[in-house]
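This report describes a protein chain and the ligand placed with it. The sequence and structure come next.

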Amino acid sequence: MLQQNNTTDFSLESQIEWWKAIVYSINDGVLVIDHEGIVRLINPEYTQITGVTPDIIGKPLKEYRPGAQLTETLIDRKCKVGVYRKTEDREYMVDMAPIIVNNRIIGAVSVCKSLTEVHKLSQELKKKGEKLEQLEKRMNSLYQAKYTFEDIIGKNGGLREVVYVAEKVSESELPILVTGESGTGKELFAQAIHNKSNRFNRAFIPVNCAAIPSSLLESELFGYGEGAFTNAKKGGKIGLFEMANNGTIFLDEIGDMSYDLQAKLLRVLQEKKIRRIGETSEREIDVRIIAATHRDLEQLVNKNRFREDLFYRLNVISLHIPPLRDRKEDIPDIVQFLLQSTEMNLLQNKFSLSYTIEKQTMNLLQMYEWPGNVRELKNVMDYATCMAEGTVIKTDHLSEIITKKSVPLIESGESPLNQTLQEAMEAAERNFIQDTIKRFGHDIDEKKKAAKVLGISLATLYNKLKRHKLHF
Ligand SMILES: Nc1ncnc2c1ncn2[C@@H]1O[C@H](COP(=O)(O)OP(=O)(O)OP(=O)(O)O)[C@@H](O)[C@H]1O
Ligand SMILES: [Mg+2]
């Protein structure tokens, strides 16, 4: 019952006005019919949503709007919820209910909500979503891993074992730690693992933790919110972890990450959530982590420069790639592979070349210790193909560091790893002569001095230089 007071007139007429005002102030559209199906009331919102004007009042609803279901409510007495209606340019949802007084139907009410606005918003959202998807696809294609396990050349048992384990663990979600000297193929392995995993068509984001100053690395990895610090970009910045979402992040040179940041990384590994700098809320992420280092992490742990807890977390699966000097038998295959890649590059430029390499040159390559591993071998072969006038790679085409530090073999057909005494003496002689000439110089007087120190005649020195293919 309405509460009366002195200022309110509660005559029947004014009560009708009162209820009308209430119906008019409702944000949803309202239409009321009497027990004969004649429209008795509509509010302005109903006109707004459906386009039906107040001149419908006093007319049979069914005549005016043949599709209307409200009149059925008078018969079946049932409420209907969420009935979808669509006209040319409008969409709305309708709830219908009978009006029952003393068990008698005196009419029915229809309440409707516009969907046009909702629809517009959802269309806009859909468009934005599509755009986001396209951007995501573009980003994924920009951050594609190039290499697969097929690209890892070498038959050496140690290497094959690492490949075997790496292939097996590719599909697991566990973090992987790849160790090995510089240039052994740590990133090659990381890419191959990503490409064999279920995440292959998602982003592979490499991050060199040693190349980015530690003050910047945190915001690079986690991103930041708007106004996180002066010079922060408007709208904030997405971090590499978010960019790698559903894909793989490759944390190269993890041994160089600052101790503080290591703690934050550990948290990401444990919680699978990141928080942009300056923001309070966290974002869920699903990222596979592959870390790599050329350092001895255990030693860094002992020196308190690497967190023990992070080390154990990362070291669940560890892959150690052997250095090239321990698998010199792979050098010929890798050289062949590298020469073929060069040929392919040339073919793209419409040159057709097929390189061969002299046996003695290959021997030199196999005698060298390769401190820079396969990367260094790749550089040496790039240099050699550049220097070669034809298609045969000769010792002359190798950079000096190789000819200087390698111990040459006489062409015996023997494996360079099984030297005879004679071969070892030859190699030592070559090195000694080379060093002496370097010390004294190249011109004739300097060579005379070198010969004197070596205790041989100038003619013998020339003979030896020729025999050892030393071009001074
Ligand atoms: N077994 C291999 N077969 C073919 N190519 C290889 C092999 N190992 C390495 N490479 C090539 O050598 C180069 C160096 O490899 P990669 O960059 O993966 O080494 P890395 O261990 O990450 O080196 P760094 O520690 O210097 O970053 C790349 O061009 C790579 O493709
Ligand atoms: Mg690398």
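An oxygen atom of ligand 1 is 3.1 Å from a polar backbone atom of E187. This is a polar contact, meaning a pair of N or O atoms within 3.5 Å. The table lists contacts of ligand 1 with two further residues.

| Residue | Atom of the residue | Distance to an oxygen atom of ligand 1 |
|---|---|---|
| G185 | backbone N or O | 3.1 Å |
| K186 | side-chain N or O | 2.7 Å |

The protein covers 89% of the 640 Å² of accessible area that ligand 1 has on its own (Shrake-Rupley method, 1.4 Å probe).

The model is predicted, and local features need pLDDT of at least 70, side-chain atom pairs pLDDT 80 or more, while totals for chains, interfaces and linings use all residues. Residues are numbered from 1 along each chain as its sequence is written, chains are lettered from A and ligands numbered from 1 in written order, and side-chain values use heavy atoms, without hydrogens and water.

Around ligand 1 there are 18 residues, of which S182, G183, K186, L188 and R375 come nearest; a residue counts if one of its heavy atoms lies within 4 Å. This shell divides into six nonpolar, four polar and eight charged residues, with Gly counted as polar and Asp, Glu, Lys and Arg as charged. Helix 7 (186–196) and helix 15 (373–387) are the elements that give two or more residues to the shell, helices being DSSP runs of H or I with at least four residues.

Elsewhere, UniProt places the feature "domain: PAS" (unreviewed entry) at residues 15–55; such annotations may be inferred rather than shown by experiment.

Note on methods: A polar contact is a pair of N or O atoms within 3.5 Å; within protein, one must be able to donate a hydrogen and the other to accept it, and residues adjacent in sequence count only if both atoms are side-chain atoms.
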